[in-house]
Amino acid sequence: MCYSLSATKDQEVCTLCVAEKFFTYWNPPRVRETGALQNSANCSLRPTAAQEQRQVRMTTLTHRTRRTEVSKSSEKKIESEEDTNQERSPDNEDPGDSKDIRLTLMEEVLLLGLKDKEGYTSFWNDCISSGLRGGILIELAMRGRIYLEPPTMRKKRLLDRKVLLKSDSPTGDVLLDETLKHIKATEPTETVQTWIELLTGETWNPFKLQYQLRNVRERIAKNLVEKGILTTEKQNFLLFDMTTHPVTNTTEKQRLMKKLQDSVLERWVNDPQRMDRRTLALLVLAHSSDVLENVFSCLTDDKYDVAMNRTKDLVELDPEVEGTKHNATEMIWAVLAAFNKS
């Protein structure tokens, strides 16, 4: 085809064809460059086999790292749960303790003082009444209802400091709630020794007799009957009938006795601050209530002497010194000071 403008009619060329040929002739490098750029872009976007293998390796390593982190976190969680369980069940707690039956300090003292078959305490025991009242004060303090006022220059001794109300929320125990009501209504406040005397009824002030807790042993025994530890019977004593409460759940009493025996024998720590608070309080109350003999009477002679001597050394400590130590329960030592003075 001729591109001359002077061609004959047979050789006449369409102007559009000429323009197309002209455009194609002068622009092929640009077109080829554009195609090359597109091909290079497509090649750059398409990963090679080496890159694909590297990506697969990185993905595998990432999954392995995540699995390792998850396993480590789960192990740490399990370890933290085990530590929490160990804190909740300390070493000084008997692993055979019954978790279904929760006894107050007063119930434990009365249970230790009761004769299993007869169902009553010794007629010659005149200390258990004040011991039960002291147990009420310690129980309220451990439950965060009362506390001793802070020491001052004029009131440094435990027996000089007043019992103050911290919370009047009900405890669920009739005796504790009744005592809490008396403490709340009393103005001015009283000391630990005065409260033990008022709750026992040992006062010469007739206006203070309203604070006496009546039928304490019978009410505590009924609580133990409801918990399935005691039962109720009637016994005839010559001229009158007497309600007794023989022990039916001897396992619970044996567990309690074993707990106290171990605290002064196998698990003796020779430091009251390292002892379990409730165990320490029960030792003090059992000794003051004169029922500790029932706990140690079944031991051999050697173990009996060791247990009694260690308990004697414990209760003969200076409450004023022990009460000021770190993490000390002041109410326990205040009650012991009150018993030592009386």
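Helix 5 comprises 15 residues, and the distance from its first C-alpha to its last is 21 Å, close to the 21 Å expected at 1.5 Å a residue. The model described here is predicted. The buried set consists of Ile 128, Gly 131, Leu 132, Arg 133, Gly 134, Gly 135, Ile 136, Leu 137, Ile 138, Glu 139, Leu 140 and Met 142. After the helix comes Gly 144, which has a positive phi near 75°.

One of the buried residues of helix 5 is Glu 139. Because its relative accessibility is 2%, below the 20% limit, Glu 139 counts as buried. The side chain of Glu 139 is joined to that of Arg 143 by a polar contact of 3.0 Å. A polar contact of 3.1 Å joins the Glu 139 side chain to that of Arg 278. When residues up to four places away in sequence are not counted, Glu 139 touches Thr 104, Leu 105, Met 106, Leu 176 and Arg 278.

Helix 10 spans residues 277-288, and its end C-alpha atoms lie 17 Å apart, in agreement with the 16 Å that 12 residues should span at 1.5 Å a residue. Nine of the 12 residues are buried, so helix 10, too, is largely enclosed by the rest of the structure. Those buried in helix 10 are Thr 279, Leu 280, Ala 281, Leu 282, Leu 283, Val 284, Leu 285, Ala 286 and Ser 288. The packing partners of these buried residues are helix 4 (105-113), helix 5, helix 9 (250-264), helix 11 (292-296), helix 12 (301-315) and helix 14 (330-341). Following helix 10 is Asp 290, with a positive phi near 60°.

The description now turns to the strands. Strand 3 (residues 233-237) and strand 4 (residues 240-244) run antiparallel and are joined by five bridges. The two strands form a hairpin with two residues between them, and Leu 238 in the turn has a positive phi of about 55°. Phe 237 stands opposite Phe 240 of strand 4, while Gln 235 has Met 242 as its bridge partner in that strand.

Gln 235 lies in strand 3 and is partly exposed, because its relative accessible area of 24% falls between the 20% and 50% limits. Apart from neighbours within four places in sequence, Gln 235 is in contact with Lys 117, Glu 118, Tyr 120, Phe 240, Asp 241, Met 242 and Thr 244. Its side chain reaches the backbone oxygen of Glu 118 at 3.5 Å. Gln 235 and Gly 119 are separated by 116 residues in sequence, and their C-alpha atoms are 9.8 Å apart in space.

Aromatic pairing was examined across the whole structure, and two aromatic pairs were found. In one of them, Trp 195 and Tyr 211 are arranged edge-to-face, with 5.7 Å from centre to centre and 70° between the planes. Trp 195 belongs to helix 7 (residues 192-200), whereas Tyr 211 is in the loop between helix 7 and helix 8 (216-226), so the pair ties together parts that are 16 residues apart in sequence. Both Trp 195 and Tyr 211 are buried.

For the chain as a whole, the secondary structure consists of 14 helices and four strands. Of its 342 residues, 35% count as buried. Among contacts in the chain with a separation of 6 or more, 66% are accounted for by residues 24 or more positions apart. The chain exposes about 22100 Å², and carbon and sulfur atoms supply 52% of this area.

Notes
Residues numbered from 1 in each chain as written. Predicted model: local features only at pLDDT ≥ 70, side-chain atom pairs only at ≥ 80, totals over all residues. Heavy atoms only, no water. Buried < 20%, exposed > 50% of the residue type's maximum accessible area, 1.4 Å probe, protein only. Contact = heavy atoms within 4.5 Å. Areas by Shrake-Rupley, 256 points an atom, 1.4 Å probe, with all protein chains shown as cover. Phe/Tyr/Trp six-rings, centres within 6.5 Å; stacked < 30°, edge-to-face > 60°. Polar contact = N/O pair within 3.5 Å; in protein donor to acceptor, adjacent residues only side chain to side chain. Pairing = 2+ DSSP bridges. Expected span 1.5 Å × (residues − 1).
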